[in-house]
Amino acid sequence: MGGAVVDDGPPGVPAPDGGWGWAVLFGGFVITGFSYAFPKAVSVFFKELMKEFQIGYSDTAWISSILLAMLYGTGPLCSVCVNRFGCRPVMLVGGLFASLGMVAASFCTSIIQVYLTTGVITGLGLALNFQPSLIMLNRYFNKRRPIANGLAAAGSPVFLCALSPLGQLLQDHYGWRGGFLILGGLLLNCCVCAALMRPLEPPRTPGAEPGPRRPARRLLDLSVFRDRGFVIYALAASIMVLGLFVPPVFVVSYAKDLGTPDTKAAFLLTVLGFIDIFARPTAGLITGLRRVRPYSVYLFSFAMFFNGIADLAGSTASDYGGLVVFCVFFGISYGMVGALQFEVLMAIVGTQKFSSAIGLVLLLEAVAVLIGPPSGGKLLDATHVYKYVFILAGTEVFCSALVLLLGNYFCLGRPPKETAHELAREEQGPAPVDGPDGPVDAREVEVFLKGEPEKNGEAVHNPETSV
């Protein structure tokens with residue numbers, strides 16, 4: 001595909017790991033919160049929409065499904081736009097789209113129009129904000145990238161705890177049309193976050209001649225599929241998403257089926273979200289430690305195992321107390337997965353190819369998102385036993401962890417002699433200089449994960465890439 005110059009920062013410019021990066025991190029926190037929490041928060045309007053348009057719950061549930069499908073499925077389109085125009089312009093347009101969709105939805109006269117406005121237009125706008133925010137976070141943080149990813153990911157549970165009550169309050173006072181209109185105005189804050197995404201620039205030296213123009217790059221780099229580390233990661237992530245989102249969808253109904261009152265049953269999601277808020281930054285902080293960061297892929301695998309085991313243990317719950325314990329452990333593992341998934345992908349493909357890699361991964365996950373919860377619902381309709389739904393979800397997440405570990409061992413875990421020699425030379429070289437906070441530099445991570453140093457400013461990919 002055609003090439004274009006992007007705003008990913010000139011070659012050789014190190015990530016500042018602070019400074020304006022904290023403003024970028026704040027923008028990423030807000031964008032992540034809107035992107036993941038908004039599809040769930042609009043569900044508070046479903047009953048009013050059912051009365052307005054004389055439809056069933058399954059018809060209104062398509063609004064959230066379309067939102068999530070647009071968020072995940074438009075990944076390659078976002079990659080092309082970012083590589084062509086840069087992150088900031090794409091996010092500004094995305095913020096306008098997200099707001100326009102909700103404002104237009106407040107004037108809709110049919111559910112199909114709501115699908116097109118709230119689902120498609122707002123979903124596309126959120127997608128055009130979410131992916132570039134992750135790319136900018138990767139460009140501004142290097143040593144502190146794990147904790148930065150964890151803090152940004154914490155926006156999801158924080159905004160979920162805030163947007164759901166806000167949506168209910170707006171509906172009670174202004175109806176669903178007024179609520180949609182106000183939420184549309186609220187989404188204009190995405191444009192403010194986009195303005196924070198300032199491109200990195202090289203330091204200017206007086207009298208220095210401008211360097212050579214960077215070569216044009218592909219709008220969507222499909223060469224990432226030649227990287228076995230990326231292929232294994234994408235396969236494992238797709239299997240994981242099949243079961244990852246199923247328990248939060250069914251845990252409230254599971255509690256009601258056990259005879260729990262509606263208010264206490266809904267409180268389970270509050271417990272899960274509260275634990276998630278602290279689990280994500282904590283996981284990022286631990287991953288950033290010097291002795292832990294080179295093994296981030298194994299920590300990610302452990303998080304997936306932990307999540308799968310939590311699902312399987314939750315299937316044995318026989319009362320409300322058992323489900324509370326399940327939500328605590330599920331919240332911890334869910335937060336770990338949320339904090340580590342993009343950190344590991346960044347380590348696998350490097351900065352240069354991350355914009356294309358994340359778009360392709362999100363596209364693959366979009367298919368799994370549309371299959372996972374409905375398949376759990378079909379199983380529930382056939383058996384009327386919630387235990388089997390949790391067993392299915394736990395098995396899927398557990399299998400994804402096995403794919404990542406076994407793929408790492410059999411496909412990438414036995415370096416050739418030249419790679420071993422390269423590792424030995426790197427170990428004999430001067431020790432990396434630590435920052436004041438002590439985390440290891442990303443170069444050591446690349447030596448461990450990739451087995452080769454960088455060449456010409458771009459990470460070299462080989463059979464030992466990342467995983």
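The model is predicted, so local features need pLDDT of at least 70 and side-chain atom pairs count only at pLDDT 80 or more, while totals for chains, interfaces and linings use all residues. Residues are numbered from 1 along each chain as its sequence is written, and side-chain values use heavy atoms, with hydrogens and water left out.

**Aromatic rings**

A pair of aromatic rings is described by the distance of the centres and the angle of the planes. Here rings of Phe, Tyr and Trp (its six-membered ring) pair if their centres lie within 6.5 Å; planes under 30 degrees apart count as stacked, over 60 as edge-to-face and the rest as tilted. By this rule the count comes to 21 aromatic pairs. Two of the pairs are set out below.

| Pair | Distance of centres | Angle of planes | Kind |
|---|---|---|---|
| Trp22 and Phe141 | 5.3 Å | 65° | edge-to-face |
| Phe245 and Tyr334 | 6.4 Å | 75° | edge-to-face |

Helices (H or I, at least four residues) and strands (E, at least two) are DSSP runs, numbered from the N terminus. Trp22 lies in helix H1 (residues 21-41), and Phe141 lies in the loop between helix H6 (111-140) and helix H7 (145-153), so this pair ties together parts that are 119 residues apart in sequence. A residue is buried under 20% relative accessible area, exposed over 50% and partly exposed in between (1.4 Å probe, protein chains only). Trp22 is partly exposed at 40%, whereas Phe141 is buried at 1%.

In the other pair, Phe245 is in the loop between helix H10 (228-244) and helix H11 (246-257), and Tyr334 is in helix H14 (residues 320-383), so parts 89 residues apart in sequence are tied together. Phe245 and Tyr334 are both buried. They belong to one aromatic cluster, which also includes Tyr254, Phe326, Phe330, Tyr386 and Phe390.

A charge sits over a ring if NZ of Lys or CZ of Arg is within 6 Å of the ring centre and within 35 degrees of the ring normal. Arg198 lies over the face of Trp20, 4.4 Å from the ring centre. Lys264 has its charged end over the ring of Tyr320, at 4.5 Å from the centre.

**Helix packing**

H10 packs with helix H15 (residues 386-411) at an angle of about 170°, and their axes are 7 Å apart. Axes are lines fitted to C-alpha atoms, for helices over the stretch in contact, and angles run from 0 to 180 degrees between N-to-C directions. H10 is therefore roughly antiparallel to H15 (the term applies to angles over 145 degrees). Contact means heavy atoms within 4.5 Å. Among the residues that meet are Ile232, Leu235 and Ile239 in H10, and Val397, Val403 and Leu404 in H15.

H7 is largely enclosed by the rest of the structure, because 7 of its 9 residues are buried. Among the buried ones are Arg145, Pro146 and Asn149. The buried residues of H7 pack against H1, H6, helix H8 (155-186), helix H12 (262-287) and H14.

**Two single residues**

Asp276 is in helix H12 and is buried, at 3% relative accessibility. Leaving aside neighbours within four places in sequence, Asp276 is in contact with Pro157, Gly331, Tyr334 and Gly335.

Leu392 is in helix H15 and counts as partly exposed, at 30% relative accessibility. Leu392 and Ser375 are 17 residues apart in sequence, and their C-alpha atoms are 9.4 Å apart in space.

Technical notes: Angles under 35 degrees count as roughly parallel, over 145 as roughly antiparallel, 65 to 115 as roughly perpendicular and the rest as oblique.
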